[in-house]
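I want to go through the ring pairs and the charges over rings.

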Amino acid sequence: MPKPDTFALFTDFERTFTERFAHLDFAALRADLSFWHNTTSHAQPLLETLLPLSPDLHHYRTDYRDSLAALKHDLLPTLRAWDAGTPHSPSHITLCHSTTLASLSILHMLKEKGIREIQFTTPAYFACPTQARQLGLRVTFLPARPADAYAIHLPSAGARPKALWVTQPRFCVGTDHTPAEILALHAALAPRDFLIIDEANEQRHPTPLAAIDPARFPNIVKYRNLFKPCGIQGPRLGYLIHHPGLSPLLQTQLDILQGGIDCFSLELARTLCSHGHHPRLLALARSQVAALHRKAQALLQGSPIRLSPIANSYLGSLLIPCADRNALLDHCAARDLPVILGSSLFLPPDPTCEHIRLDYLIREDLFLNGLRILLDFTSGFGVK
């Protein structure tokens, strides 16, 4: 089974973007499917009622040596509800600026623990494998294919400790892992291995993996974002859920990486959690995603384009029949439709079709216009 190369795929995205889409004014697009410049959230009006009257715009804080323990205590009821009773205490949580910074701090921690190989399930968020490679870690992929329902096939256990990196929900696939699936992956690892669960796009409440408690499994780390799955991209607050024994190393790495959090985001998080509105924000975002997915299905009915399910997350994908990716890219570029292909999700190439990443928080008119452009491609090239 061929394994994609991280830098070849990232270079592919850079080359494709530079050659075909870099000149676009993303604020003036009339069609968009993949990018993040034209998103909106039905949760925003409710969140605006919680904005601090006198926000602190001058300072930042870090969670070094549990410096934010008091705030974590205030957030804990909301975070525990999201995980159906876990994490158990502030010592199981480390706050940071974003999930991308969380992944980088975890990779530094793993390297300090003697981990030299990271196995990523696919599809995967581009930043994590790239961060690992830049830290000198060996990056391997577990290729997944739609014909196999994106199943994860673990290689045989090796002698050297490694980390397995999975996404929940499956990145750009829109489906959930079950606790049984995660426990089976964990059972296949050696005692010194780690299992990292990227939950940055988790929208369900409670999360399907609430039973996967790092307090019981010292070699499991989960990380998430309070605002991002609500479709709110301005305030930033990521957090890691881990065994308390990992706190010193994780928090030291974050301090080295300057994992400061602006006080405005911290105040807003405290207010949001004190009012108990976080489940409502998630529900509003989920409803928005589901509604657009239904409209997309109706628009594509009878066409050869297939949408991924969207049981969870706001990121999905579509499969479009395509034997010539350059023809597809040229078609999109000529109509000012920027797209992110499956190669940038670390999916193995398929000579018969292409994946395109979908963001269901993009403005509805732009999103549906983008699908119409793809429908034109399938009809114009005689795809049945």
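Which residue lies over the face of Tyr-125? I found Lys-228 there, at 5.8 Å from the ring centre. Arg-224 lies over the face of Trp-82, at 4.7 Å from the ring centre. My criterion for a charge over a ring: NZ of Lys or CZ of Arg within 6 Å of the ring centre and within 35 degrees of the ring normal.

Housekeeping: this is a predicted model, where local features need pLDDT of at least 70, side-chain atom pairs count only at pLDDT 80 or more, and totals for chains, interfaces and linings use all residues. Residues are numbered from 1 along each chain as its sequence is written, and side-chain values use heavy atoms, with hydrogens and water left out.

Next, ring pairs. I get 12 aromatic pairs in the structure. Phe-17 and Phe-26 have ring centres 6.1 Å apart and planes at 25°, so I log the pair as stacked. Rings of Phe, Tyr and Trp (its six-membered ring) pair if their centres lie within 6.5 Å; planes under 30 degrees apart are stacked, over 60 edge-to-face, the rest tilted. Phe-26 is buried at 8% relative accessible area, while Phe-17 is partly exposed at 24%. Buried is under 20%, exposed over 50%, partly exposed in between (1.4 Å probe, protein chains only).

Phe-120 is buried at 1% relative accessibility, and Trp-165 is buried at 2%.
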